[in-house]
Amino acid sequence: MGMVIQKYESSSCEDLKAKKGEPPAEIVGAAVAFLRDHPSVKVKFINKVAAPVANKMFDCGMIP
């Protein structure tokens, strides 16, 4: 969880916008599959990362 938050907090808006269209790394795909298979873990993950990620995306103009 911390790695996701750190990625968004330490990335520039330009970096985030450039990476938006790229396919996810293999490890990200595996993590997403794990979260889909474990709903209770998914809820904890989303509750932890949603606010920092959404705030950064809003600040970067990626959320209207």
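Me: What should I know before I look at the values?

Reply: This is a predicted model, where local features need pLDDT of at least 70, side-chain atom pairs count only at pLDDT 80 or more, and totals for chains, interfaces and linings use all residues. Residues are numbered from 1 along each chain as its sequence is written, and side-chain values use heavy atoms, with hydrogens and water left out.

Me: How many helices and strands are there in the protein?

Reply: Helices (H or I, at least four residues) and strands (E, at least two) are DSSP runs, numbered from the N terminus. Here there are 4 helices and 0 strands, and the pattern along the sequence reads α-α-α-α. The C-alpha trace spans about 30 × 25 × 20 Å along its principal axes.

Me: What share of the residues count as buried?

Reply: Buried means under 20% relative accessible area, exposed over 50%, and partly exposed in between, with a 1.4 Å probe and protein chains only. By that rule, 19% of the 64 residues count as buried.

Me: Which residues make up the largest nonpolar core?

Reply: In soluble globular proteins, nonpolar side chains tend to be buried together. A nonpolar core is a set of buried Ala, Val, Leu, Ile, Met, Phe, Trp, Tyr and Cys residues joined through side-chain atoms within 4.5 Å. The largest one in this model has 10 residues: Ile 5, Tyr 8, Leu 16, Leu 35, Phe 45, Val 49, Val 53, Met 57, Cys 60 and Met 62. At least two of its residues come from helix H1 (2–10), and at least two from helix H4 (39–59). H4 gives the largest share, 4 residues.

Me: What does Phe 45 touch, not counting residues up to four places away in sequence?

Reply: Contact means heavy atoms within 4.5 Å. With those neighbours set aside, Phe 45 touches Met 1, Val 4 and Leu 35. For the protein, 74% of the contacts with a separation of 6 or more are between residues 24 or more positions apart.

Me: Is Ser 11 buried or exposed?

Reply: Ser 11 counts as buried because its relative accessibility is 9%. Ser 11 sits in the loop between H1 and helix H2 (13–19). The side chain of Ser 11 reaches the backbone oxygen of Lys 7 at 2.6 Å. Apart from neighbours within four places in sequence, Ser 11 is in contact with Leu 16 and Lys 56.

Me: Is Glu 9 buried or exposed?

Reply: Glu 9 is in helix H1 and counts as exposed, at 54% relative accessibility. Leaving out residues up to four places away in sequence, Glu 9 touches Pro 52 and Lys 56. Glu 9 and Lys 56 are 47 residues apart along the chain, yet their C-alpha atoms are separated by 6.9 Å.

Me: Where are Ala 54 and Gly 2 placed?

Reply: Ala 54 belongs to helix H4 and is partly exposed, with a relative accessible area of 32%. Ala 54 and Tyr 8 are 46 residues apart in sequence and 9.3 Å apart in space, C-alpha to C-alpha. Gly 2 belongs to helix H1 and is partly exposed as well, with a relative accessible area of 46%. Gly 2 and Ile 46 are 44 residues apart in sequence, and 12 Å separates their C-alpha atoms.

Methods. Polar contact = N/O pair within 3.5 Å; in protein donor to acceptor, adjacent residues only side chain to side chain.
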